[in-house]
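Please walk me through the salt bridges in this structure. Where do they sit, and what do they connect?

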Amino acid sequence: MKKILILSANPTNTDKLRLDEEVREIQAGLERARSRDQFEIITKWAVRTDDLRRALLDYEPEIVHFSGHGAGNQGLALENNAGEMQLVSTAALARLFKLFKNQIECVLLNACYSEVQAVAIHQHIDCVVGMSQAIGDRAAIEFAVGFYDALGADRTYEEAYEFGCTAIDLENIPESATPVLKSRNNLTDNSETNQGTSQKSTPEVKVITLENPEGQVPLDSAFYVERPPIETDCYETILKPGALIRIKAPRQMGKTSLMTRILNHAHQHDYQYASVNFQSADAEFLSSLDLFLQWFCASITNELNIPVKLEDYWQGILGSKNKCTNYFQRYLLPAINSPIALGLDEVDEVFKHPVIAADFFGLLRAWHERSKNEVVWKNLRLVIAHSKEVYIPLNINQSPFNVGLPIELPDLNHSQVQDLVKRHGINWPDSQVEELRKLVDGHPYLVRVALYEIARGRITLPKLQQIAATEEGPYSDHLRRHWLNLQIDAELLAAIAQVVTADSPVNVGVEAAFKLRSMGLVKFQGNDVIPLCDLYRQYFSARLGIKQGNSPT
């Protein structure tokens with residue numbers, strides 16, 4: 001008989017997980033399995049570090065299952081004596097499981113971002129499953145049920161993993177690629193045994209389905225790279241009453257892709273969700289606050305697929321903001337009767353209309369403040385995305401841009417670019433990864449364009465380096481858009497000329513520096529700035545007819 005040790009931890013200062021449901025479903029599945037007599041389930045709740053060590057010693061399990069929170073490189077979240085979170089490092093976990101390498105056959109880490117622990121533990125345990133990114137409760141439960149249903153039907157651990165992923169797919173949850181398997185055993189290919197020969201089987205060739213790098217990255221994409229701990233922080237925050245998340249980054253850095261994943265995470269927890277892109281607002285709606293707020297309410301109502309009832313709430317002498325508030329408070333929020341995650345994308349469009357912006361953003365802040373005390377407003381969760389600095393005059397107590405969770409998306413680091421290279425089926429040494437990063441830094445869009453073209457065989461890295469900053473290169477439209485935007489503003493044009501011609505960081509003034517950063521053209525070093533990457537230095541130097549080290553005339 002094999003012992004399954006299920007360890008659960010949900011510290012009081014972390015989001016509540018449906019751990020009891022997960023354990024109950026696992027038990028129910030094994031109880032009805034034909035090989036149910038071959039397994040014994042042992043459960044330990046509110047696990048502390050001492051509990052983990054002692055449970056492994058006391059029960060000597062063949063299968064260890066952890067349910068709870070993960071924090072990527074920081075470790076797994078267990079509990080301390082006060083019931084609060086205590087992170088256990090990856091190195092400590094690997095060292096512990098090394099002591100049981102002759103006993104434990106399989107480890108399943110059903111926790112967000114636990115792939116890094118799975119890799120470490122796999123040094124000592126033959127079969128380990130971890131999660132490559134955050135995973136919703138529903139997907140985690142479905143995977144566990146599918147996994148243990150298969151074990152109860154006498155399937156191997158590797159087959160059980162496939163059944164777990166399939167269980168997620170069958171429920172139409174776009175997270176079946178999140179569980180990752182680390183195993184020393186081949187899942188299929190028994191051709192050598194079946195044929196009775198010593199001929200080596202042909203290795204399986206992994207087919208890479210490339211994806212055109214334009215617009216937001218789809219939820220089921222293999223090319224979305226997480227930037228921990230950003231996703232974890234956002235997923236945890238969106239589930240809190242009255243949550244407000246502010247995502248700021250230049251264009252094509254992944255704001256919409258992140259927002260979509262936050263809304264999807266909320267949906268996986270049975271929230272309703274809606275998103276509004278302010279670039280879709282017709283000019284007529286931006287001519288007055290009243291028309292704008294009516295458009296805003298109608299857009300959200302349509303997204304939630306409920307009847308629009310503006311006529312019932314847009315009457316009388318009350319001002320537009322009061323009418324909009326009443327529409328939410330008395331109709332929209334009660335009609336849904338569950339938390340609503342609302343994504344507001346490209347709010348920069350509203351910045352162009354200062355009168356509307358001041359009232360609209362003040363309204364959002366007022367709703368956020370009301371959520372602290374009023375039950376109905378606790379159900380409204382806001383995600384706001386913008387690229388530009390907020391230069392419109394907003395009273396500090398009426399601005400949504402100084403409350404909530406601030407998220408500023410960084411460029412991809414070396415390991416993230418390296419990961420993306422592998423996902424495109426490209427086998428590069430570190431030196432070539434660094435060459436690409438020198439050219440385009442870690443800008444997600446620029447990196448993906450390069451890898452897409454290289455993976456398709458349309459260009460080589462040396463050729464890309466040669467033509468990237470020219471009209472012949474794959475970035476011509478992207479670069480031309482930036483150039484046209486700079487030409488509109490003489491001060492910014494002069495500032496970028498200073499930046500690309502200097503051999504060291506330069507001070508171009510606070511406002512110009514932040515505007516150039518909002519455009520994604522520079523990065524800060526202290527209070528000074530440098531070009532984001534060689535691509536921009538080369539392109540703008542050529543456009544301005546100047547060389548690095550020379551001052552513009």
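Start with Lys 2. Lys 2 pairs with Glu 105 in a salt bridge, and their closest N and O atoms are 2.9 Å apart. Lys 2 belongs to strand β1 (residues 2–8), while Glu 105 sits in the loop between α3 (90–98) and β7 (106–110), so this bridge ties together parts that are 103 residues apart in sequence. The model is a predicted one. Lys 2 is partly exposed, at 30% relative accessibility. Glu 105 is partly exposed too, with a relative accessible area of 29%.

Now go to Arg 48. A salt bridge joins Arg 48 to Asp 51, with 3.2 Å between the closest N and O atoms. Asp 51 has 16%, and buried means under 20%, so Asp 51 counts as buried.

Further along the chain, look at Glu 369. The side chain of Glu 369 meets that of Lys 372 in a salt bridge, at 3.0 Å from N to O. Glu 369 is partly exposed, with a relative accessible area of 27%.

Pairs are one arrangement; networks are another. Glu 471, Asp 477, Arg 480 and Arg 543 are linked by salt bridges into a network. The general idea behind these contacts is simple: side chains of opposite charge can pair when their charged atoms come close.

Finally, step back to the whole structure. How many salt bridges does a search of it find? The search finds 21. Among them is the bridge between Lys 2 and Glu 105, where this tour began.

Technical notes
Residues are numbered from 1 along each chain as its sequence is written. This is a predicted model: local features need pLDDT of at least 70, side-chain atom pairs count only at pLDDT 80 or more; totals for chains, interfaces and linings use all residues. Side-chain values use heavy atoms; hydrogens and water are left out. A salt bridge is a side-chain nitrogen of Lys or Arg within 4 Å of a carboxyl oxygen of Asp or Glu. Helices (H or I, at least four residues) and strands (E, at least two) are DSSP runs, numbered from the N terminus. Buried means under 20% relative accessible area, exposed over 50%, partly exposed in between (1.4 Å probe, protein chains only).
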